[in-house]
Amino acid sequence: MSRIEILNLAGLRHDNRRPYELRAIALALDTAPHADGSATVTQGLTTVLASVSGPREPRTKGGGGGGQAHDRASVVVEVGVAPWAQGQARARSRGDKRLLEIGAAIRQTFEPVIMTHLYPRSEIAVHIQVVSADGGILPTAINATTLALISAGISLTDYVTSLSVGLHLAQPLLDLSAPEERDLPVLVVAALARSGKLTLAQMETRLHVDRFEHMASLAVEGCAVLKEEMEQAVKASARALVDRMAQREIAREAAAE
């Protein structure tokens, strides 16, 4: 039996969203100054910080990736969870199986999208830090990774956006919270913005193929909405950078006079 009321008589979820309504989202780039690129994404009450280092000299041999290649960059992903983000759940260390699975999913999602051939004999390291968790950790981490890679100036073939979708009876629900994830079959989709092609489709329960196709299609539509939000955040970050550079140039010229 469900621990929460998934949909009430008014057709609303436990957080008063409609079935296809996404959680509130906040996007910020360059939130970790020590990294080559970074971004913080908040979806609902889940917040993830992604930071990127590289391309750089390889520091690992096969850790988090598939070994080193001479004609392309290797992608390494590490995932950590802040102690305060885990609530009453069992504490997860860096070697935790679930965190390793999330890291592997992120790496497999981005390896075909990053133009790794442009960075031979190098390593691109992605560090994910879950700051708060209320469902959708993997899709939020994927969205943060996209923005962090853009922040780092890493060449991508396209935006990658990600969203979760669940099924309650015959009703799909987009962008699940933690209570919904515990009670429903969950599909996590990552899609390329221009083509809508999937780079990730992860599901841990069985589902009829017709249901799967419908849920995946809805998730791709939701990913398109996220892409617009992410593109606006990138443009705003670029404008702010241009403004800072212009102000520095003005200050430099004034100091020279």
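Mentor: The buried residues of H1 (buried meaning under 20% relative accessible area, with a 1.4 Å probe and protein chains only) are Leu-99, Ile-102, Gly-103, Ala-105, Ile-106, Arg-107, Thr-109 and Phe-110. This is a predicted model, in which local features need pLDDT of at least 70 and side-chain atom pairs count only at pLDDT 80 or more, while totals for chains, interfaces and linings use all residues. Residues are numbered from 1 along each chain as its sequence is written, and side-chain values use heavy atoms, with hydrogens and water left out.

Helices (H or I, at least four residues) and strands (E, at least two) are DSSP runs numbered from the N terminus. Helix H1 covers residues 97–110, and its 14 residues should span 20 Å at 1.5 Å a residue; the expected span is 1.5 Å times one less than the number of residues. The end C-alpha atoms of H1 are 20 Å apart, which agrees.

The cover over the buried residues of H1 includes strands S4 (74–81), S5 (123–132), S6 (160–168), S8 (186–192) and S9 (198–203), together with helix H2. Contact here means heavy atoms within 4.5 Å.

Two packed helices are described by the angle between their axes and the distance between the axes. Axes are lines fitted to C-alpha atoms, for helices over the stretch in contact, and angles run from 0 to 180 degrees between N-to-C directions. The axes of H1 and H2 come within 10 Å and cross at roughly 45°. H1 is therefore oblique to H2, given that angles under 35 degrees count as roughly parallel, over 145 as roughly antiparallel, 65 to 115 as roughly perpendicular and the rest as oblique. The crossing of H1 and H2 is right-handed, the near helix being turned clockwise from the far one by less than a right angle.

At this crossing, Ile-102, Ala-105, Ile-106, Thr-109 and Phe-110 of H1 meet Ile-137, Leu-138, Ala-141, Ile-142, Thr-145, Thr-146 and Leu-149 of H2. The contact of H1 with H2 comprises 9 nonpolar, 3 polar and no charged residues; Ala, Val, Leu, Ile, Met, Phe, Trp, Tyr, Cys and Pro count as nonpolar, Asp, Glu, Lys and Arg as charged, and the others, Gly among them, as polar.

H2 (residues 137–151) also packs with H4 (residues 209–256), their axes coming within 11 Å and crossing at roughly 30°. H2 is therefore roughly parallel to H4.

Note on methods. Buried < 20%, exposed > 50% of the residue type's maximum accessible area, 1.4 Å probe, protein only.
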